Amino acid sequence: MSESREERLMREWEEAGLFEADPDDREPVYITVAYPYPSGSMHVGHARTYLVPDIYARFKRMQGYNVLFPMAFHVTGTPVVGIAERIREGDEDTIRLYRDVYGVPEEELERFTDPEAIVEYFAREYEENMRRMGYAIDWRRKFTTVDPEYRSFIRWQYLRLREEGLVTRGEHPVRYCPRCENPVGDHDLLEGEDATIEELTLVKFPLVDGDLILVAATFRPETLYGVTNVWVRPDVEYAVVEVDGERWVVSEEAYRNLRHQRDGVEKVDTISGEELVGERVRNPVTGEEVPVLPAEFVDPKFGTGVVYSVPAHAPADAAALEDLREDPSVLEEFGVDPSVVEGLEPVQVIEVEGYGRFPAYDALEEHGIESQTDPELEKATQEVYRAELHKGVMVVDEFEGVPVREAREEIKSRLIESGDADVMYDFSEKPVICRCGTECVVKILKDQWFLRYSDPGWKERARELLERMEIVPEEVRSNFEDTIEWLEDWACARRVGLGTPLPWDEEWIVEPLSDSTIYMAFYTIAHRLKGKGELPPEVFDYVFLGEGDPEEVAEESGLNVEELEEMRREFEYWYPLDWRLSAKDLVTNHLTFFIFHHAALFPEDKWPKGIVVFGMGLLEGEKMSSSKGNVVLLSEALEEYGPDVVRLFLATSAEPWQDFDWRDEYVRGVKRRLERFEALVRDHAGESVEGKDAVDRWFLSEFGRVIEEATEALERFQVRRAYNEAFYGVLKLVRDYERMKGHARIVGEIVEDWLRLLHPVIPFTTDYLWREVLGNDSFLLEEGWPDPEEYPREPELSVAREVLEELVEDVRDVERVIGAESGYTLHVYLAPGWQWEALRMVQEGREFGEIMSELMRDERLRERGDEVARVVRDLMKEDLPEDVDVERLREALKEFLEAGARLLERSTGAAEVVVHGDAEEAPGPEDRRAAARPLRPGIWLEEG
């Protein structure tokens with residue numbers, strides 16, 4: 001089977017070593033992107049992730065820089081272990097995903113009971129697809145995160161961090177999978193990646209009669225002064241749980257959380273919510289007895305499934321209470337006298353600007369909420385809670401006048417100290433599902449190893465590094481700042497999974513996010529370490545930090561001094577990293593960890609310089625998700641459309657930090673335009689235009705502007721802007737030129753630079769045309785970036801072009817009004833000289849009075865003072881580009897209209913076009929001539 005042109009070019013590029021980067025005397029540019037976790041097939045969302053750095057790498061190489069763009073595979077962790085286990089157990093959903101969505105052959109699928117077989121298969125597939133996409137990757141530096149050399153690097157990293165006191169042992173709440181028996185990170189999850197861990201105060205409401213305690217979870221213990229009742233869900237079966245000799249009533253979900261967070265928690269009984277309705281409990285703060293009432297809004301999945309009611313300050317409580325007042329039969333159903341709610345009046349606890357005594361009721365009215373099931377309740381609740389937290393002041397008891405934030409902590413501390421409250425951790429949103437399919441809990445891990453991101457000194461170093469960095473887009477910087485502030489200690493090790501054992505406690509394995517923070521440094525020497533096996537930490541001390549005696553290190557490691565010196569020189573050449581690219585969902589973990597670890601381990605002159613944050617991929621408007629099968633596999637897209645169509649669509653559909661939407665209809669449109677581009681190059685390569693007129697010069701000037709804009713955009717990673725201009729924009733220029741000239745021979749004048757300009761985004765098509773159609777021996781990546789200076793800028797011609805387009809519309813309007821038939825002579829009147837002089841003064845920034853004074857020196861104009869004033873006022877509204885010279889514009893406009901007369905003739909009914917240079921000296925009706933303005937010529941349709 002013969003090679004396709006893409007296969008042949010990729011082979012020729014690699015044989016020529018075009019993507020291999022070694023230190024030399026050029027200025028280096030070092031760019032990396034998050035390496036893939038190969039547990040499934042590569043889809044078009046992944047393709048965009050790796051396309052952006054590829055475009056930038058090709059662009060910078062063509063500018064003359066020495067560019068390093070490496071790749072590796074992240075295989076650490078438990079996700080792939082969970083996948084293998086589900087396949088081993090015959091889980092139909094998992095098998096269907098891998099067989100039907102990812103297209104894994106049956107003989108390979110049988111091997112997927114081994115986690116390493118899964119990562120080997122998909123790592124091969126990833127690499128094959130990356131090569132098919134034409135990514136300019138230096139594959140010599142490829143590694144996996146379980147290679148012995150990389151494990152040695154991770155051990156070195158953690159030994160250094162421990163020496164700095166930044167790794168500690170303790171207990172901490174973490175997201176935890178009970179089945180995998182491991183903490184889980186974002187990449188271990190099928191659902192709930194955005195869920196954070198929140199601390200809830202558990203407030204104990206003892207039954208007045210009996211030994212049970214209803215335990216309500218809250219973020220707002222300060223509101224206990226306003227409790228009117230306690231809510232339960234009647235149709236829920238609650239757990240009776242024994243905790244430290246007390247019998248707590250909580251939801252089954254809360255029990256599941258509690259037993260992972262404290263010792264000695266035992267479920268001893270169950271009780272239905274219906275049985276609890278009508279009971280009375282005691283408020284631990286006020287000592288008052290309050291009733292237990294039914295509520296639909298109570299969700300047993302959140303908190304404890306028991307809610308204390310503060311209708312003055314909680315919109316849901318107010319709505320539920322009003323529901324019971326309006327429908328007494330609900331209480332009668334449970335044998336409760338409806339009169340019980342009549343005496344439950346709201347109690348003001350907090351005063352807050354912008355609200356009355358009872359903010360919850362104000363919010364119900366403002367949002368038009370009439371029931372506890374209204375979806376607007378969540379929004380109303382958040383508004384009241386935020387206002388009270390940030391601006392609220394207590395109005396009760398000894399806390400009168402104390403800000404809510406202060407009172408909250410004090411009341412919470414007192415309740416816990418007195419035994420009337422406790423603490424539980426829960427997720428901010430649910431469900432949180434591990435890749436093994438199990439719902440996760442919050443667990444308090446003991447004897448767990450943590451990275452001390454809470455350390456004030458480390459946070460300060462991270463802030464300093466961030467302050468020096470360029471962040472694209474800049475508005476994401478605040479997300480990094482916030483993350484550095486709130487980030488607490490991070491569980492950095494697990495008991496099971498693939499990865500690197502902690503060097504001082506090998507029962508623990510460094511978890512995936514914690515072993516992928518500084519691997520950019522490892523890339524610089526990865527190709528020199530292949531096959532070296534386990535290495536002592538002193539190798540990395542010397543290579544990365546210059547510490548130690550190279551001869552002693554060589555003797556201990558089995559490397560020779562020359563190898564160590566070469567690695568040291570290579571690291572020094574490439575570092576610091578210029579750009580790190582990754583998705584926006586990694587800002588709150590990986591990318592911020594990347595900042596922290598560089599700040600801790602490297603001197604300031606080796607701190608990374610910039611981060612680019614990506615948006616997400618959508619498929620026909622829905623978020624792409626491999627685990628849910630809502631993806632377009634890259635292999636299928638490449639088969640159907642080819643790499644350059646996929647590349648061009650991904651590059652031009654959205655800027656990297658924006659979400660893009662893959663729609664087949666749009667992709668097919670890109671394919672048609674790419675075919676049009678190739679035909680243009682084939683048809684006009686080698687052609688030229690002799691004796692260039694204004695339209696020719698306009699086209700070349702605009703092409704020079706496109707080079708400038710595309711270059712500026714690529715420097716800022718604005719690939720959409722760059723290639724909407726360089727591809728679609730130039731295609732439109734060609735169409736416009738053809739309309740004016742009747743041919744496209746001008747393409748031959750720009751074809752070489754157009755191919756250079758487009759090479760980073762469509763490398764296969766451009767290199768094929770460069771070599772096969774233009775007959776060059778070189779590759780475009782070896783050619784220089786196009787120079788806009790070779791295309792003299794004539795901005796006046798661009799203005800003239802706009803005037804011509806508006807002129808066509810004006811003529812068509814007149815044709816419709818007078819019912820003109822084809823065959824007339826079109827007279828185009830350019831403004832008289834005095835108007836051009838006035839426009840020149842406007843362009844210089846002169847005031848109205850000064851302009852009029854200058855013009856009134858002409859006696860003929862003084863006689864027409866009112867008319868002249870009207871014209872000047874009109875001209876002062878014009879907004880010409882600053883670089884436009886009015887004198888040249890006047891000349892250019894006449895020349896352009898004459899050269900572009902064909903467009904007027906083809907777009908209107910004119911048989912002939914006559915351009916008059918000065919309306920006041922030309923023949924024709926006076927009213928038509930008098931209408932002429934510099935940027936809007938007068939027109940006369942002379943019939944017969």
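Trainee: How many salt bridges does a search of the whole structure find?

Mentor: The search turns up 100 salt bridges, each being a side-chain nitrogen of Lys or Arg within 4 Å of a carboxyl oxygen of Asp or Glu. Keep in mind that this is a predicted model, where local features need pLDDT of at least 70, side-chain atom pairs count only at pLDDT 80 or more, and totals for chains, interfaces and linings use all residues. Residues are numbered from 1 along each chain as its sequence is written, and side-chain values use heavy atoms, with hydrogens and water left out.

Trainee: Okay, which residue does Arg220 meet in a salt bridge?

Mentor: Arg220 pairs with Glu388, at 2.1 Å from N to O. The pair links distant parts of the chain, 168 residues apart: Arg220 is in the loop between strand 7 (212-218) and strand 8 (229-232), and Glu388 is in helix 13 (residues 377-391). Helices (H or I, at least four residues) and strands (E, at least two) are DSSP runs, numbered from the N terminus.

Trainee: Is Glu388 buried or exposed?

Mentor: Glu388 is buried, at 0% relative accessibility, and Arg220 is buried as well, at 5%. Buried means under 20% relative accessible area, exposed over 50%, and partly exposed in between, with a 1.4 Å probe and protein chains only.

Trainee: What does Asp422 form a salt bridge with?

Mentor: Its partner is Arg262, and the closest N and O atoms are 2.9 Å apart.

Trainee: Switching to cysteines, how many disulfides does the count come to?

Mentor: The count is 0, with a disulfide taken as a pair of cysteine sulfur atoms within 2.5 Å. Cys180 is in no disulfide, and its nearest cysteine sulfur, that of Cys177, is 3.7 Å away. Cys180 is buried, at 17% relative accessibility.

Trainee: Now the surface: which residues form a positive patch?

Mentor: Arg668, Arg672, Arg673 and Arg735 form a positive surface patch. Patches are made of residues with over 30% relative accessible area and no salt bridge, with like charges joined within 9 Å and nonpolar side chains (Val, Leu, Ile, Met, Phe, Trp, Tyr) within 5 Å.

Trainee: Which helix gives the most to the positive patch?

Mentor: Helix 24 (residues 664-684), with 3 residues. Arg668 is in helix 24, and is partly exposed, with a relative accessible area of 42%.

Trainee: Last one, how many helices and strands are in the protein chain?

Mentor: The protein chain has 36 helices and 32 strands. Buried residues make up 57% of its 944 residues, and its C-alpha atoms fill a box of roughly 110 × 80 × 50 Å along the principal axes.

Note on methods: Areas by Shrake-Rupley, 256 points an atom, 1.4 Å probe, with all protein chains shown as cover. Lys, Arg positive; Asp, Glu negative; His and termini not counted. Charge placed at Lys NZ, Arg CZ, Asp CG, Glu CD.
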